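Biologist: I've got a model open on my screen and I'd like to learn how to read it. Please pick a starting point and take me through some features.

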Amino acid sequence: MESLISSVTILRDSLSGDYIGFLRYAAPVLAAILLLRCALPLLTFRREPEIWAWLNLTDGTQVPITHWENVIGRSKTCDVTIDFPTVSRNHAVLTRYDDGSWTISDVGSKTGTLVNGRAVQICALKDRDRISIGGVEMQLQPITARQEARQAELRTKAASGWDTLANLMMLTLLQCLMVLGFLLGSGEEDLPQIILGFGGIIATQWVLFLFYCVIRRKSFEVETIAFFLCTMGMAAIATVKPGETVKQLMAMVIGIVVFLIIGWSLRDLERAKVFRYFAVAAGVGFLVITLLFGTEYYGAKNWLIFNGLSLQPSELSKVCFVYAGASTMDRIMSKRNLILFIAYSIVICCLLALMNDFGTALIFFCAFLVIAYLRSGSVGTVALAITALIFAGVLVLKIAPHALQRFSTWRHIWEDPQDTGYQQAQALMCIASGGLFGLGSGQGYLKYVFAADSDIAFATVSEEWGLLIAVMMVLCIAIYGFFTIRTSRVARSSFYSIGACTAASILVIQTILNCLGTLDVLPFTGVTFPFLSNGGTSMIGAWGLLAFVKAGDTRQNASFAVRLSKKEAAKV
């Protein structure tokens, strides 16, 4: 390492300061090309429905079954609509499993569900079984093995390995240029940590890509975007706290391990249901432990300190909450299941309120609204929940001085820019001074302001790397949101659809609260920017949420949730 530092010192002396100016313009160009190459496959893929079986009615009508979970009923929102007065609005759920078998479940209909003339609650279906729903007779005709193989061949393919390779090479080039910029402008004592931080990201992204090649999954756009955000976060940390670059790198590696474990669990729905029970218990357990043994900072008791290592368990509880909210269609139709989830959500929010962590509580509540809408399809349910939030918010402002101070500062930072409005006032001035292309790595002033690498990391990147790259970071999270919306419409199971939509919503909401709070458009809540802000548990939680977004992708050779047969895998 000493010889490397000596070589760098010689290189620094030989190069002119023009390199920093070159990097200011080269970085946004490379970032824009990279983002465009990753976004196009995610936002423009063909969303063709997959047909897994046919329902043959007695009048000769054939109804295609396009999901692994299908609601049959009179309502127009059902997957299979039977407009007959004796059929309930949501009558039964038809479910396919990984081995190709099918079951039908009655979901509390008035007239019941019959199979071969016998009333059933849940029943495995065999060939030629006669199904009666509200007196309407039908038979299930699954597609043949040949048809399934042909459908797999026609399924939209993810980006090729060569496209991914080009994207990674472009990202690596950007990372190397950034490292060189820091080497030319940072003190010698910080160089080892900076080199290890950026070098670790480069090595990790290539190792993960090679692992994907081994398991024949070559779609890497979702992960490439995350690594780009991690890179910009490392740049902010290298400026503000160079000594913590290695710690953040380790958190990223742990986050990727969590990402892979969750992806593996979601590969099999039965396995995901088992994981779900552990996640439900862990989500509450993390918050209870924090409430009992946590340390209070700035009015919120949301930190655990172990031998100088600080953890924020509520970040991990977000992943657990997504597990708790996601559910298969037969359980969604059960009132008992819905009541249990509402009770779980109330417990989570109450624990966060006792910890005075109202920023995180707001994120959980928004996630609850997404789940409530996806599980009920009722705008009225969501409106009622929002009304309850307004009343709860007024009560919080009356009893929690910490939250009240945040609201009193909102839109009034310039009245006291040296005290209560200091962070945001400095952030706004530094964003303005950075302009479109930034001042250069390590050249900003915001590094002297508290939490420049965490709460206001967005402003730090804006000042040193320019508003163009800062906007691209926001677009990265927006791409996750739009991609999830597209994939959810063709998801095979409601478990994947709800999980992906909720996870993406949490990422988007965090980004909105962080960026608009920094700009004083919304109250400053102190929530993190996913993948960007310095914080180990925040990084782990962000990768954990990303696993649900990835699992919702039904493109061939793209997601953990889509299995490949040996014959198909050989063609990839």
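Modeller: Let's start with Gly-466, which sits just after helix H16 and takes a positive phi of about 100°. Helices (H or I, at least four residues) and strands (E, at least two) are DSSP runs, numbered from the N terminus. This is a predicted model, where local features need pLDDT of at least 70 and side-chain atom pairs count only at pLDDT 80 or more, while totals for chains, interfaces and linings use all residues. Residues are numbered from 1 along each chain as its sequence is written, and side-chain values use heavy atoms, with hydrogens and water left out.

Biologist: Why is helix H16 described as largely enclosed?

Modeller: Burial first: buried means under 20% relative accessible area, exposed over 50%, partly exposed in between (1.4 Å probe, protein chains only). H16 covers residues 457–465, and nine of the nine are buried, so the rest of the structure largely encloses this helix. Among them are Glu-463, Glu-464 and Trp-465. Across the protein, 54% of the 572 residues are buried.

Biologist: Let me try a single residue. Is Ile-225 buried or exposed?

Modeller: Ile-225 counts as buried because its relative accessibility is 2%. You'll find Ile-225 in helix H6, residues 221–240. Contact means heavy atoms within 4.5 Å. Skipping neighbours within four places in sequence, Ile-225 is in contact with Cys-38, Leu-42, Cys-476, Ile-479 and Tyr-480.

Biologist: And how do I read a pair of helices, say H8 and H9?

Modeller: Two packed helices are described by the angle between their axes and the distance between the axes. Axes are lines fitted to C-alpha atoms, for helices over the stretch in contact, and angles run from 0 to 180 degrees between N-to-C directions. Here the axes of H8 (residues 269–293) and H9 (residues 314–325) come within 8 Å and cross at roughly 145°. By class, their contact has eleven nonpolar, three polar and one charged residues; Ala, Val, Leu, Ile, Met, Phe, Trp, Tyr, Cys and Pro count as nonpolar, Asp, Glu, Lys and Arg as charged, and the others, Gly among them, as polar. On the H8 side you'll see residues including Phe-275, Arg-276 and Phe-286, which belong to the group meeting H9 residues such as Cys-320 and Tyr-323.

Biologist: Now the sheets. What is the strand order in the open sheet of five strands?

Modeller: Strands of a sheet pair through backbone hydrogen bonds, either parallel or antiparallel. For counting, two strands pair if DSSP finds at least two bridges between them. The order is S4-S3-S5-S6-S9, with mixed pairing. S4 (80–81) and S9 (122–125) are the edge strands, each pairing on one side only. Inside that order, S5 (residues 92–96) and S6 (residues 102–106) pair in the antiparallel sense over five bridges, with Arg-96 standing opposite Trp-102 in S6.

Biologist: Where is Ser-75 placed?

Modeller: Ser-75 is in the loop between S3 (69–73) and S4. Ser-75 is buried too, at 7% relative accessible area. Leaving aside neighbours within four places in sequence, Ser-75 touches Thr-81, Arg-89 and Asn-90.

Biologist: Which strands does S11 pair with?

Modeller: S11 (residues 136–142) runs antiparallel to S1 (residues 53–57), joined by five bridges, and Leu-55 is partnered there with Leu-140. The S10–S11 hairpin has two residues between the strands, and Gly-134 takes a positive phi near 60°.
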